[in-house]
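Okay, thanks for making time, everyone.

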Amino acid sequence: MAEKVLMKGNEAMAESAIRAGCRFFFGYPITPQTELAAYMSKQMPKCGGTYLQAESEIAAINMVYGASAAGARVMTSSSSPGISLKGEGISYMAGCDLPGVIVNVQRGGPGLGGIQPSQSDYWQATRATGHGDFQIMVYAPSTVQEMADYAYLAFDKADEYRIPVMILADGMLGQMMEPVLMPEPKDELPEKPWATTGHKNERKHNIVDSLYLTPDALERLNRERFERYEVIKANEQRAELFMCDDAEIVLVAFGASARIARSAVVAAREQGIKAGLIRPITLWPFPTDAFESVMDTARDFLVVEMNMGQMVEDVRLVSEGRVPVEFFGRTGGIIPTPAEVLKRIEAAHERVGE
Amino acid sequence: MARDLSLILAGFGGQGVLFAGKIIATAGLIEDREVSWLPSYGPEMRGGTANCSVTLSDDPIGSPLVTAPNALVVMNQPSMDKFDTAVVPGGVMVVDSTLVQRIPDSEDVCVCAIPATEMAEENNMKGLANVILVGKLFAETHFCEEETLFAAMEKCVPARKRHLLDANMAALKLGMQA
């Protein structure tokens, strides 16, 4: 019988990845993500896997590209500045339709920024991880348990849709310990008939490439890929609705800031304010369906993020002017307090009236 | 069920405040409560002040960063100066009086000062002032069952440091009786 253990978020993602069948990890140290790589360096040799500390983040993501092309379940992890360096490789993987799991334990930016928690890579994760027309799937866990669960699921989704998948965490979630129940180790992994494993004169060559010099061919591939994105949008949205049934002031927050927003919602309810929380778990695809379900009662959206306002734009796109959208954020590595979020809820409540 | 514990442990890097927090978090794990443990990380870990937030609750934990603690364990003066006003009325402060000279008076907060570092040295428990303070915190707040605390300590001492378990247990008991 499996039992709960106390683990750091960074370690929980690593252990869960191994249980999902990940046997290759390529990384480069950076705070506040390093425990993930350290855990892999200890555990990978014990399960017949490969841990390699690359000479740079760029090298690491290209090793991920190679291992993935050869059919392996593979992971890399970094924190904000390091993810920027990986952007080129992620674009190449998307262009090759290669699966792979990329973890970003975000810290404050831009530039070297700071090392304290942040959510300022939302746009990078959901809009422009690299150049070109492409998307990656993005999971935003909010607890150490979810870090384990979504790291595990990410490998399945990556293989299912042949797409890079990102776990977008932050320094708070990565560093904190909570009780976690680990998923069971997988013994069967999906077949990958497209992988470059050697044709043994039994089939045609498999080629993994993102270079298409004929415009027609490239356009056709891009269109096919975007048809797949539509399937992902239809089937893979995830969100948690908390106290939303009759909610008038609907907070929207993901990851670490959702925990603070949740506390503020509970406090607001104690004052008789009808507050609720939509917590997007997939950031791409954005969980638009969850928003439709609150449109009848919602009179105000209050988006809480640890950045200058990024996801708020997606909420405005969903709202399409039907419900006013407001924003509250802290940045630079500061974690907002439930009390300051509650003040915003009270102000919104006063504005919309009884 | 014990009441919710919102705890900050603070001191210099190397005094073991993160380990002390881990013992308490593990006690919460054993009793199947909601638990969070959040360390400070970064430059303060490399010689400056270190602290960690621990929450034990029966409800899901929002922010793991404790800003209004109902318990504070303090092992140096800068941490005392930083956190003393944060403790909520009715809260408990457990202070190592060997290392903290200026301990504020408070009507609303129960201040328990014990010379933990001195006690550790006198009892051949050098480096275990942190554990003595956990024992004292337990005596004041009963954040878990007594046998849970001992079981938590056993879980927290890794196999390769098994020879240190007895000393840790003794330090815990010394704190509980202080």
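So, chain B: its secondary structure comes to six helices and six strands, where helices are DSSP runs of H or I with at least four residues, strands are runs of E with at least two, and both are numbered from the N terminus. Reading from the N terminus, the order of elements is β-α-β-β-β-α-β-β-α-α-α-α. The radius of gyration of chain B is 15 Å, close to the 16 Å that the globule rule gives for 178 residues, so chain B is as compact as a globular protein of that length. For the record, that radius is taken over C-alpha atoms, and the globule rule is 2.2 Å times the number of residues to the power 0.38.

Before I go on, the caveats. This is a predicted model, so local features need pLDDT of at least 70 and side-chain atom pairs count only at pLDDT 80 or more, while totals for chains, interfaces and linings use all residues. Residues are numbered from 1 along each chain as its sequence is written, chains are lettered from A and ligands numbered from 1 in the order in which they are written, and side-chain values use heavy atoms, with hydrogens and water left out.

Back to chain B. Taken along the principal axes, its C-alpha atoms fill a box of roughly 40 × 35 × 35 Å. Buried residues make up 56% of the 178 residues; buried is under 20% relative accessible area, exposed is over 50%, and partly exposed is in between, with a 1.4 Å probe and protein chains only. For contacts in chain B with a separation of 6 or more, 57% come from residues 24 or more positions apart, a contact being heavy atoms within 4.5 Å. The accessible surface of chain B is about 7700 Å², and 50% of that belongs to carbon and sulfur atoms; that's Shrake-Rupley with a 1.4 Å probe, and for residues only the protein chains shown count as cover.

On charges, chain B has 13 positive and 22 negative ones, with mean positions 10 Å apart. Lys and Arg count as positive, Asp and Glu as negative, and His and the chain ends are not counted; each charge is placed at NZ of Lys, CZ of Arg, CG of Asp or CD of Glu.

Is Thr55(B) buried or exposed? Buried, at 8% relative accessibility. Leaving aside residues up to four places away in sequence, Thr55(B) touches a list of residues including Leu5(B), Glu34(B), Ile61(B) and Val66(B).

Now chain A. We get twelve helices and 14 strands. Its radius of gyration is 21 Å against the 20 Å that the globule rule gives for 354 residues, close enough that chain A is as compact as a globular protein of that length. The C-alpha trace spans about 75 × 50 × 45 Å along its principal axes, and 57% of the residues in chain A are buried. Of the contacts in chain A between residues at least 6 apart in sequence, 79% join residues at least 24 apart. As for charge, there are 35 positive and 47 negative side chains in chain A, with the centres of the two sets 3 Å apart.

Next, salt bridges, meaning a side-chain nitrogen of Lys or Arg within 4 Å of a carboxyl oxygen of Asp or Glu. How many are there over all chains? The count is 30.

Let's start with a local one: Arg19(A) and Glu15(A) meet at 2.6 Å, N to O. Both sit in helix H1, residues 9-19 of chain A, four residues apart, about one turn of the helix. Arg19(A) is partly exposed at 23%, whereas Glu15(A) is buried at 13%.

Then Arg228(A) with Asp97(A), closest N and O atoms 2.8 Å apart. Arg228(A) is in helix H8 and Asp97(A) in the loop between helix H4 and strand E5, so the pair ties together parts that are 131 residues apart in sequence. Asp97(A) is buried, at 12%.

Last pair: Lys192(A) and Asp159(A), 2.9 Å, N to O. That one links distant parts of the chain, with Lys192(A) in the loop between strand E8 and H8, and Asp159(A) in helix H6, 33 residues apart. Salt bridges with shared partners join Arg73(A), Asp156(A), Asp159(A), Lys186(A) and Lys192(A) into one network.
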